[in-house]
Amino acid sequence: MTEQTAGHWQARLAELAARHGVPGASLGILSHGQLTEAATGLANASAGIEATTETLWQIGSISKVWTTTVAMILVDEGVLDLDEPIVSVLPELRLADEALTKGVTLRHILTHTSGIDGDFFADTGRGDDCLEKYAALLPGVAANHPLGATMSYCNAGFSLLGRVQERVTGVQWDELMRERLYRPLGLTHTVTLPEDALRFRAAAGHVGEPLEVAPRWMLMRSAGPAGLICSTPRDVLAFAALHLSGGLAADGRRLLSPGSTEAMRSPQVKLPDPYLFGDAWGLGWILCEWDGRRLYGHDGDTIGQSAFLRVLPDAELAVCLLTNGGDTMGLYEDLFREIFAELAGVTMPTPIAPAKEPVPVDPADYIGVYERTSARMEVLERDGRLVLNNRITAELADLVDHVEPEEEHELHPVEPGLFVVRRDGLKEWFPVVFYALADGSRYLHHGGRATPKVS
């Protein structure tokens with residue numbers, strides 16, 4: 001890209017970040033092998049630290065695709081098998097019940113279909129044995145759906161996967177990522193541990209109203225494989241380039257087979273809610289369609305930081321946005337809409353919104369309590385309207401003590417079984433899908449999670 005084009009995206013990033021109240025942000029655009037970078041605002045508003053293209057940001061759950069990539073490298077080497085029960089390599093594993101323990105596979109983990117309740121956040125210490133200790137706690141974590149019955153976003157599954165990788169390689173997870181990805185890809189600004197991040201200019205998350213630096217900088221170490229990587233858009237796009245090239249590093253070394261690269265971005269499971277992330281999940285990657293063209297990507301959220309990655313393979317285009325507070329979703333939607341339209345002629349889908357015409361709704365079809373680990377949702381009728389009361393519980397409530405533990409929002413119908421809610425301070429609508437499993441059990445799908453109806 002020309003210097004003039006780079007200046008254009010720098011200006012748009014600065015303008016849109018200010019419009020959406022985002023303290024700091026960094027953008028990377030990889031188009032036909034050419035990289036453009038931009039940064040704006042403050043990495044830490046309290047300390048007045050400027051955000052630059054060298055700043056490290058928490059990429060959150062984009063880390064899951066990195067963990068998946070290492071898993072698929074091990075599949076290529078014959079060390080792991082996608083469809084063998086995990087207990088075959090981790091015989092001490094115990095989960096909520098015997099069927100789940102004996103049946104859960106790597107494929108279930110990578111597609112978020114294991115049924116392990118995903119929002120179990122346990123701090124098992126800073127030692128190299130944190131994932132071993134975390135896996136030992138999983139017998140006490142309930143299953144929120146039968147194995148393979150639906151999709152429910154699962155952080156816990158990726159912490160378990162990190163432990164599986166440690167077992168089959170004999171290498172602690174953080175070091176395994178350095179060995180298998182960071183060093184081969186030549187990544188100079190990618191770390192997982194806070195003591196490594198301190199060597200760089202690192203962004204802080206910002207939360208609350210008005211925004212202030214978050215009370216915690218990072219999640220507990222046991223969440224590493226699910227979401228603790230810190231990086232820059234440049235390094236994230238070097239990772240994306242590995243997948244665009246069919247598994248080749250920049251120096252021509254093959255890290256991942258073409259077959260595994262293709263499998264990762266091939267649909268494995270359709271989503272009950274195709275409006276939030278995408279319409280399907282591959283192995284690690286979220287899959288979506290914009291304007292008739294297929295993309296893959298992933299988002300990430302930690303404590304006051306949000307990350308976005310989208311890859312359009314037919315245009316050799318990948319875009320990464322890393323942020324630290326404010327209306328980050330609004331910034332993502334406005335900025336990516338412009339970038340993909342200008343560089344690839346792709347129109348980003350119109351976000352979901354309430355129906356313009358009345359939708360017939362029978363409250364009896366939806367009223368009740370839906371509950372899983374860390375969340376209790378109750379659908380109520382008030383003055384002829386449905387409302388969703390959402391309460392954060394268990395360990396997650398302590399982790400996100402900077403947000404209100406209980407919120408209530410009106411459910412606005414889109415069509416029968418599909419509603420949207422608008423969270424305080426945001427312009428975006430978030431989908432709420434009501435559906436049933438094959439056995440007839442009722443579920444609510446919201447925030448990517450499947451929550452069973454319990455009463």
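**A helix and its neighbours**

A: Just after α6, Gly170 takes a positive phi of about 75°. Helices here are DSSP runs of H or I with at least four residues, strands are runs of E with at least two, and both are numbered from the N terminus. This is a predicted model, in which local features need pLDDT of at least 70 and side-chain atom pairs count only at pLDDT 80 or more, while totals for chains, interfaces and linings use all residues. Residues are numbered from 1 along each chain as its sequence is written, and side-chain values use heavy atoms, with hydrogens and water left out.

Start with α6 itself. It has 15 residues. From first C-alpha to last it reaches 22 Å, close to the 21 Å expected at 1.5 Å a residue. That expected span is 1.5 Å times one less than the number of residues.

Helix α6 is mostly covered, with twelve of its 15 residues buried. Buried means under 20% relative accessible area; exposed is over 50%, and partly exposed lies in between (1.4 Å probe, protein chains only). Among the buried residues of α6 are Phe158, Leu160, Leu161 and Val164. Arg163 and Glu166 are buried too.

What does the covering? It includes α2, α4, α5, α7, α9 (224-227) and β22 (449-452). Contact means heavy atoms within 4.5 Å.

Two of these covering helices, α2 and α7, also meet each other. The axes of α2 (residues 63-76) and α7 (residues 173-182) come within 10 Å and cross at roughly 75°. Axes are lines fitted to C-alpha atoms, for helices over the stretch in contact, and angles run from 0 to 180 degrees between N-to-C directions. α2 and α7 are therefore roughly perpendicular, a label for angles of 65 to 115 degrees. On the α2 side, the contact includes Trp66 and Ile73. On the α7 side, it includes Trp173 and Leu181.

Leu309 touches, among others, Val236, Leu237 and Ala240, not counting residues up to four places away in sequence.

Definitions and conventions. Parallel < 35°, antiparallel > 145°, perpendicular 65-115°, else oblique.
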